[in-house]
Amino acid sequence: MSQQKKYYIIAGEASGDLHGGNLIHAIKQQDTSAHIRCWGGDKMQAAGGVLVKHYLDLAFMGFIEVVKNLGTILKNLKFCKQDILAFKPDVLVLIDYPGFNLRIAKWAKEQQIKVVYYISPQVWAWKENRVKMMKQYIDEMIVILPFEKSYFKDKWNWEVTYVGHPLIEEIAKKRAQQSDLIINNAEGKKNTNPVIALLPGSRKQEIEKKLPVMLEVSKAFPGYQFVVAQAPSLDSEFYHTYTEQYPNVSIVNNRTYDLLMQSKAALVTSGTATLETALFGIPEVVCYKGSEISYQIAKRVISIKYISLVNLIMDKEVVKELIQQEMNVANLTTELDKLLNDAGRQQRIRQDYAQLQNILGAGGDASAKAAAIIIALAS
């Protein structure tokens, strides 16, 4: 390329850093002289982006936390705009993180900066009224869920591009490796029992709600080792207060993919983890439990049939969802027993997972395709 192209990329959480890292790697492969500045994390930095701000300084979740940190958020927005103007990018790439990124998109459009949005906010679930504004300020919308293409076209007359799901490549890479994770039992000896993975989420509030219920289930399966996936942002002590009274429960830190590769089944908090678990081929029960107020509000504003991405993409119940009061020890025990011992159920899940893999892989290499679109817009 005759002139060095400049790309400014903003991600605001761990999943955005993962996809952003793969995207930067793909851009650098296709445009070897690319100059990239980014907000994100270690993966984006390792791929060759110049890291301006780490997502750990940006992650404010929930209404109260946002209000408490409003000053910091406004300062971050102001600093971000100044940094973009000083850098003068050929294209601005926004990855999910809508509360922050949609504000930047509107501002960037006013500055005549080209805007690509990679990984759409989940407007089909809630805050649909954002779409009118998004259509106005985003030059190119790149989506990773197959139903989003028809949603934007049919409902909003907006042509967006579906590139497949970047987790397909990420998990294929991981599955090609041997897992070197050694799982110990509660006594610290190497575990020899089949493993059940517990993925209670990454935020303290959600773990406090769900983990105690998940742990009680371990009593009904003494021949299995239950292993809790610890979130890297929380310390082991927090988990030990819950797990110490259960003899067949242990914890692994920041090795969720390795844990899934060794598991027979999993109990998973709703979110991207439900999709990751399915792509590893692990039968799962999806769990959701929030405060009663949050749940009642969510029920009124969220307009979707399912809460797990697996079921949403397949448009049917592939995995069992236990929500709020239904997420109790008796129901979880029943469903887990089916996953472990009902051959018909296991067969159905295997077939559905294979179909899911095909649907998500149909777009091709998501990161490479997204990179090509971004580079074309920068030219």
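**From values to terms**

Guide: Helices α15 and α16 are roughly perpendicular to each other. The model under discussion is a predicted one.

Visitor: Why are α15 and α16 called roughly perpendicular?

Guide: Helix α15 (residues 329–341) and helix α16 (residues 343–361) pack at an angle of about 80°, and their axes are 6 Å apart. Angles of 65 to 115 degrees count as roughly perpendicular, and α15 and α16 therefore receive that term.

Visitor: Which residues of α15 and α16 meet?

Guide: From α15, Lys 338, Leu 339, Leu 340 and Asn 341 take part. Their partners in α16 are Ala 343, Arg 345, Gln 346 and Ile 349.

Visitor: What makes Asp 139 and Lys 109 a salt bridge?

Guide: The N to O distance between the two side chains is 2.7 Å, and the limit is 4 Å. The pair therefore meets the criterion for a salt bridge. Asp 139 lies in the loop between α6 (130–137) and β6 (140–143), whereas Lys 109 belongs to helix α5 (residues 98–110); the two are 30 residues apart and link distant parts of the chain.

Visitor: Why is Asp 139 called partly exposed?

Guide: Its relative accessible area is 33%. Buried requires a value under 20% and exposed a value over 50%, so Asp 139 falls in between and is partly exposed. Lys 109, with 31%, is likewise partly exposed.

Visitor: How do you know that Lys 149 and Glu 159 form a salt bridge?

Guide: Their closest N and O atoms are 3.7 Å apart, which is within 4 Å. Lys 149 sits in helix α7 (residues 146–156) and Glu 159 in the loop between α7 and β7 (161–162), 10 residues apart. Lys 149 has 34% relative accessibility and counts as partly exposed.

Visitor: What makes Arg 255 and Asp 180 a salt bridge, and how far apart are their closest N and O atoms?

Guide: The closest N and O atoms are 2.5 Å apart, again within 4 Å. This pair links distant parts of the chain, 75 residues apart: Arg 255 is in the loop between β10 (249–253) and α11 (256–261), and Asp 180 is in the loop between α8 (166–175) and β8 (195–199). Both residues also belong to a network of salt bridges that includes Lys 174 and Asp 258. A search of the whole structure finds 13 salt bridges.

Visitor: Why is the pair of Phe 238 and Tyr 242 called edge-to-face?

Guide: The ring centres are 5.6 Å apart and the planes stand at 80°. Phe 238 is buried, with a relative accessible area of 11%. The structure holds 11 aromatic pairs, and one aromatic cluster is formed by Trp 39, Phe 79, Tyr 97 and Phe 100.

Visitor: What makes helix α12 mostly covered?

Guide: In α12 (residues 272–279), 7 of the 8 residues are buried. Those residues are Ala 273, Thr 274, Leu 275, Glu 276, Thr 277, Ala 278 and Leu 279. Just after α12, Gly 281 takes a positive phi of about 80°.

Visitor: How do you know that Ile 374 is buried?

Guide: Its relative accessibility is 0%, which is under 20%, so Ile 374 counts as buried. Ile 374 is placed in helix α17 and touches Tyr 7, Leu 23, Ile 27, Val 91, Val 93, Val 116 and Ile 142, leaving aside residues up to four places away in sequence. Ala 372 is also found in helix α17 (residues 366–378), but at 36% relative accessibility Ala 372 counts as partly exposed.

Terms used:
Residues are numbered from 1 along each chain as its sequence is written. This is a predicted model: local features need pLDDT of at least 70, side-chain atom pairs count only at pLDDT 80 or more; totals for chains, interfaces and linings use all residues. Side-chain values use heavy atoms; hydrogens and water are left out. Helices (H or I, at least four residues) and strands (E, at least two) are DSSP runs, numbered from the N terminus. Buried means under 20% relative accessible area, exposed over 50%, partly exposed in between (1.4 Å probe, protein chains only). Rings of Phe, Tyr and Trp (its six-membered ring) pair if their centres lie within 6.5 Å; planes under 30 degrees apart count as stacked, over 60 as edge-to-face and the rest as tilted. Axes are lines fitted to C-alpha atoms, for helices over the stretch in contact, and angles run from 0 to 180 degrees between N-to-C directions. Angles under 35 degrees count as roughly parallel, over 145 as roughly antiparallel, 65 to 115 as roughly perpendicular and the rest as oblique. Contact means heavy atoms within 4.5 Å.
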